[in-house]
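Please look over the sequence and the model shown below.

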Amino acid sequence: MMLHIPGVLSPDEVESITQALANQSFVDGRLSAGMAAEKVKNNLEMDRNTQAYAPMAKAIGGCLYRSEVFKAAALPHRMAAPIFARYTPGMTYGFHIDDPIMGTEGNRYRTDISCTVFLNDPADYEGGELVIKTAFGEQKVKHTAGDAVIYPSGSVHQVAEVTQGVRLVSVLWIQSMIRDPDKRAVLWDLWQAREKMLREAPEKAETEQVDHAYINLVRMWSEV
């Protein structure tokens, strides 16, 4: 399941993060890539060994957890510290799939879901689309600053070459409580129906049945 989540960051939050990024040092993005990915990766990433990184990373994580849509769709169990990436003209990240296990010794996590948070608007750069191969063909993604997109980490995807301007994004990975992507998709559909019923007809027996079914499916399928 690929899902666009608008407005994860407010305009003020976007401005705060991009202003902070303007004063940071960036390193070769291949330093954080696996053996296969480093062959096709050409971008810059904010140096994590700076005082500014921790509060910026916390801000991104906090904004995602604030989103009810993100929490319902991803059902996060663990979430990685984000990468802040910059693409200038000529930079790209060729087709690849994300590593299945990330983190350091003693702090490993499984990558079920990949998340890109857009930090500047599409008009600021040409090219640079996130291209995801799906059963329905290639999906090209390029959203407004502050929006996010989530998609299965096992999807083949790339960042198309930036031909003009600068692309700024934050990228992170989630280990979901629900490992199976098909089950997550079912729960996402059921959650949407449940939320509407709870708002519009909370007193009906059918609402209670759907609410209980959703809760018990999460209990049945979760791995924590």
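Accessible areas follow the Shrake-Rupley method with a 1.4 Å probe, and for residues only the protein chains shown count as cover. The model is predicted: local features need pLDDT of at least 70, side-chain atom pairs count only at pLDDT 80 or more, and totals for chains, interfaces and linings use all residues. Residues are numbered from 1 along each chain as its sequence is written, and side-chain values use heavy atoms, with hydrogens and water left out.

Phe95, Ile97 and Val156 make a nonpolar surface patch of about 230 Å². Of these, Ile97 sits in the loop between strand E7 (92–96) and strand E8 (101–104); strands (E, at least two residues) and helices (H or I, at least four) are DSSP runs numbered from the N terminus. Ile97 counts as partly exposed because its relative accessibility is 47%, between the limits for buried (under 20%) and exposed (over 50%), taken with a 1.4 Å probe and protein chains only.

Helix H5 (residues 205–221) contains Met220. With a relative accessible area of 58%, Met220 is exposed. Its C-alpha atom is separated by 9.7 Å from that of Ile178, 42 residues apart along the chain.

Notes: Patches are made of residues with over 30% relative accessible area and no salt bridge: like charges are joined within 9 Å, nonpolar side chains (Val, Leu, Ile, Met, Phe, Trp, Tyr) within 5 Å. A salt bridge is a side-chain nitrogen of Lys or Arg within 4 Å of a carboxyl oxygen of Asp or Glu.
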